[in-house]
Each structure stands twice: as C-alpha cells, then as structure tokens.
Amino acid sequence: MTRMTKVSLALASVLAATGVQAATINYDFDYPLSTTEIGHTGTLGLFDSSLGTLTGATLTLNGEALFSYSGENVAAQTQSASITSSTTLSWSSSLGALTPYLTDLLLSATSGTQSYAVGETKNFGPIADADSAINDLGSILGALQANGGGDFTLSCSSL
C-alpha cells in the first residue's frame, strides 16, 4: 500500500495601521506529496506589532493524499469485499494558543464492493482525496503577534 500525502498551511493576518489603511500579510509553506508516514514541520511568521494593529487572522490547513492499494482473495471460495485505505493528518504547534484550532484531516479512498474469485488480486489507484479546515483566529490575536515579529512552528504527522 502506498500513500502519498501533501501538506499545505497558510496563516493570513490582516492589519490596520491607521483607520483607513489595511493590508493582508500571508505566511505559508507546503510540502510536496511524500510517501507516508510523514512528519513535517514548517515555520510561520508572527505579526510584527510595531507595524500596526492586528485586526484578524485565519489559519487554513490543507491535506491531500494519493492512495494505491490491492486486495487478494485467499479464501477457498469467491468473496465480496470492500477495501478502504486512509490516513489521518494530525497537527501540533509551538504556539500553544493554536491547539484548539488544529483539526485532524481524515483522507481516504475505497474500492467499493468487489467480487474476488479464488486467488484473484485487484489493484486500485492511484485515487486522490483532499480536505481542508479554515479557522478564524480572531480570539487569539494577542498570541499571533510580537514587537519585531518572530516565528512559530506548525507540524503535521500522518497515521
């Protein structure tokens, strides 16, 4: 069974330096499809509070998997079976305030019910699945900024 998983993360910060000026700053990183099990860590920036007032932030977690798998009937008679291949992407961060927003993503692919003759093997894939979670971080803006900026890490692992 081969599973390849892609991880993308983005943090968008919206600031207002004055009442009429606003800008959007994006921090993001991603990893190409990689054979599981994965354990990736990336760095995102904290908003530099000396530039103005942070008025909003959004964290988007994206995951994609590409599944290839097979099933063999080793019984003494014809069998019906459905095969599911799945992976869960779990997140963690060096910024503890993010913990409640780090939603697991469950990615899967299924063969559907198949009839297998005695000794028959069937191969499936590649089949892709993707999911994302978008989180409004408005309630933790204080944790997302520092005078002079800075960084924090986000990590993703697969199961």
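Of the 159 residues in this protein, 39% count as buried, where buried means under 20% relative accessible area, exposed over 50% and partly exposed in between, with a 1.4 Å probe and protein chains only. Before I go on, a word on the numbers: this is a predicted model, where local features need pLDDT of at least 70 and side-chain atom pairs count only at pLDDT 80 or more, while totals for chains, interfaces and linings use all residues. Residues are numbered from 1 along each chain as its sequence is written, and side-chain values use heavy atoms, with hydrogens and water left out.

As for the surface, the protein exposes about 7,900 Å², and carbon and sulfur atoms supply 50% of that area. Accessible areas here come from the Shrake-Rupley method with a 1.4 Å probe, and for residues only the protein chains shown count as cover.

Now, the fold. What does the secondary structure come to? Zero helices and 12 strands. Helices (H or I, at least four residues) and strands (E, at least two) are DSSP runs, numbered from the N terminus. Take contacts, meaning heavy atoms within 4.5 Å: among those with a separation of 6 or more, 78% come from residues 24 or more positions apart.

Let's go inside. A nonpolar core is a set of buried Ala, Val, Leu, Ile, Met, Phe, Trp, Tyr and Cys residues joined through side-chain atoms within 4.5 Å. The largest one here has 33 residues, and Leu98, Leu137, Leu144 and Leu154 touch the most other members. Strands E2 (23-35), E5 (53-72), E7, E8 (105-110), E10 (121-136) and E12 (151-158) each supply at least two residues of this core. Which strand gives the largest share? That is E5, with seven residues.

Asn135 sits in strand E10 and counts as buried because its relative accessibility is 10%. Leaving aside residues up to four places away in sequence, Asn135 touches Ala57, Thr58, Leu59, Leu61, Tyr101 and Thr103. Leu59 is 76 residues away along the chain, yet its C-alpha atom and that of Asn135 are separated by 5.1 Å. A polar atom of the Asn135 side chain also lies 3.1 Å from the backbone oxygen of Tyr101.

And the other one? Thr87 belongs to strand E7, residues 84-93. Is Thr87 buried or exposed? Buried, because its relative accessibility is 1%. A polar atom of its side chain lies 3.0 Å from the backbone oxygen of Leu159.

Thanks, everyone!

How values were computed. A polar contact is a pair of N or O atoms within 3.5 Å; within protein, one must be able to donate a hydrogen and the other to accept it, and residues adjacent in sequence count only if both atoms are side-chain atoms.
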